[in-house]
Amino acid sequence: MNQNASSQAHRVSALPARELAASVAWFIRLRWLAGAGVLSAVWFIDLFLPLHLPVIPLYAIGLIILAYNLVFRYAFTRAPRDLPDLHRLTHWQIACDWIAMSALIYFSGGLTSPAILYFFFHIIIASILLTARATFFFAAFATGLIGALGALELGGALPHVEVFRASTLALTRDPLYVSGAIFFFASAAFVAAYLGNGLNQRLRERQAQTIQLNERLQTLYDAAQTINSTLELQQVLTRLARATADAMNVRACSIRLLSDDGARLIVGGVHGLSDAYIQKGDLVLAQNPLARQVLAGEVIAIADIAHDARLQYPAEAVAEGICAMLSAPLIGKHGALGLMRAYSVERDHFTASDANFLSTIASQGSIAIENALAYQQLGKLDQMKSKFVLTVTHELRSPVSVVQSLLRTLHAGYAGALSDTQRDLVERALRRSDFLQTLIDDLLALAAGKSELRVNEARVRVPLGDAVARVVERFQTPAQEKQIALEWHCDCDDAPIAILATQDAVDRILNNLVSNALKYTRARGRVAITLRRTDGNAQIEIADTGIGIPDDAMPHLFEEFYRAPNAKQSEKEGTGLGLAITRDLVTRFGGRITAQSKLHEGATFVVTFPENPKGF
Amino acid sequence: MANEKILIIDNDDDLVYAMRLPLEAAGYQVFRAANGNEGLQMVKTVNPDLIILDVMMDSTTEGFQVSLTLRNPTPASEYAAYRHIPIMMLSAIHSTTALRFAPDQDYLPIDSFVEKPVGPEKLLSQVRKHLEKKQTA
């Protein structure tokens, strides 16, 4: 971080231009007060105090201060505010002030003037505005001015100005007093400069650290945001590598993950390296003590890649133009996952603070990588389940469908006419095989849902009104045959109610519920479907006047293979999977299903989905 | 009409038997191939009016490959003369597997897709539909 270190040094030694400009403006405002203060103090002392002030020169000094302040103000508003300009302006102001200050001191009694103390706040102001060197220079300048004043009065070159009733002339002619006064002035000036500067220096260092820390935190935060916005391993690794290289202001960053057998480190995510370098090969742990050390938990900096025996591919790194490298381990919950590397084109580039930073990013990154790995594992598991489901489909469903085809051919008389008994037997066999097929289909539907086989299935905006109309149309004939009134209406305003799901799933949910309602409702009964909108939710209610559900069956209603005793009695055939599948589908699309019933009077199922009014 | 030639390409003897009876009763000549390669050979020797094709035979996508070979659009294809024969595809792959099968000119060049089980009525009505379409075409 050499570049940063130098810019940091720059920041610590001087105020940034914007801040210096503000201080200069403040300085100019203060000087109006100082000039006015000198004029009014002289007027007050002359009028009320028994002192022999040389009024004319002092008024003149006050006016001169105001006059040059006007010049500085003009220069300040006109000058472009870059740093050298502002520094020059500041230096001139301090020089003028201090010369005016020295004149003020001379006309108020020279070394015996109490005004001499005013020099110190000037020194403190200088230490705030200027670099350490400039502050000490000005402390020396002040000492020079005061020393010259003392010396000139001592030698009689400048006549001493008597201000007080008691004469101070003797003091200013006493070499011991003069040298003592100058010595104490000088030491006080330098100590004040030193203290003021040290204090400021520390404040500025702290500020610079805070700024840098802030910048890095922001980068870390940004990195975390981008990394956590995906669970796809490749994306996590690439984003992490890029964010790290950006944050550390280095040429490149790579992430290598341990192979399944733990013997090698394979490139996972890269930013800023050439394809040729990436394809140089895996890091073989057995041949790479450096990688082993890093995996054991150490953060290791290689200051000069060309001359370090620990590297497996030094020539390739040199060819890539990489001179220094910093490696940090990626440690997961169950041990090392791999390592992260930052690459610089400068030898001896990485500092302890860089090592800390990479280590922090690596530990944050490990969490993201571990999550992504788990997600990948889940995907593999899903694929296995899907394959299982596919196999079951073929192996189980296929023979059953062949049995059905054979029986139907037989039943239709293609193998010769059947006697009544034969026909009856074939019909029974057909019913059973049809049931077996339904059972297999239901099991597959359930397994498909459970294995999230359709996790990638695109969800679309499904208008519920259309879906309900379709299911009503489909079941109208069977309902009429059973003399059941099948009706539906929408408790909604003109806006169509829609949800985010798949057409198939919605159809299947409605099919299952409506066919159940028809199945368990006797002749001259009624099945009513109501579609409504409640608190941003879409609600479908399917109410029947059927046999109802006993209270003790209620808790088991949605369990797989469960059938209520009265349902079994009423309809022999039923897999007990319909409601389990229905609930599975409903919850998959963020909905919920509830049931209410009074035995012998009917049952009401209510399905609620979050509404998707505007589409995407 | 009848007497048209139907080639069933399917490795399941029982299903072929169940289909052969109603088809022959309806007056069609039924030929059978037990796998994709045999089916492709027989397309040339029999020159059928309709092909009934199973999806999963020795391999899970054998039926798809047969259809792609038969409908290969390159003019030099050895099956160029048989490209027009309607293909009815059968399978037990239920829609619950999320594998959606629909005729597609590029990926699944067939004329219709029929889910098993296939009873005689469904079979005969589908067969008639294809053969009528072929005649009017």
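1. Start with the surroundings of Thr90(A). Leaving aside residues up to four places away in sequence, Thr90(A) touches Leu20(A), Val24(A), Leu129(A) and Leu130(A). Bear in mind that this is a predicted model.

2. Thr90(A) sits in helix 4 of chain A, which covers residues 83-107. Its relative accessibility is 0%. Buried means under 20%, so Thr90(A) falls in that class.

3. One of its polar atoms lies 2.6 Å from the backbone oxygen of Leu86(A).

4. Next, confidence. Chain A has a mean pLDDT of 85. Residues at 70 or more make up 92% of the chain.

5. Helix 1 (residues 2-13) has the lowest mean pLDDT, 38. Strand 13 (residues 602-610) has the highest, 95.

6. Treat the start of the chain separately. Over residues 1-13 of chain A, pLDDT stays under 50. The model still has 21 contacts beyond four places in sequence for residues 1-13.

7. Now the chain as a whole. Chain A contains 18 helices and 13 strands. It has 616 residues, and 44% of them count as buried.

8. What share of contacts in chain A between residues at least 6 apart in sequence join residues at least 24 apart? The figure is 69%.

9. Last, the surface. The accessible surface of chain A comes to about 31600 Å². Carbon and sulfur atoms account for 59% of that area.

Technical notes: Residues are numbered from 1 along each chain as its sequence is written. Chains are lettered from A and ligands numbered from 1 in the order in which they are written. This is a predicted model: local features need pLDDT of at least 70, side-chain atom pairs count only at pLDDT 80 or more; totals for chains, interfaces and linings use all residues. Side-chain values use heavy atoms; hydrogens and water are left out. Helices (H or I, at least four residues) and strands (E, at least two) are DSSP runs, numbered from the N terminus. Buried means under 20% relative accessible area, exposed over 50%, partly exposed in between (1.4 Å probe, protein chains only). A polar contact is a pair of N or O atoms within 3.5 Å; within protein, one must be able to donate a hydrogen and the other to accept it, and residues adjacent in sequence count only if both atoms are side-chain atoms. Contact means heavy atoms within 4.5 Å. pLDDT is the predictor's confidence in each residue, from 0 to 100. Accessible areas come from the Shrake-Rupley method with a 1.4 Å probe; for residues, only the protein chains shown count as cover.
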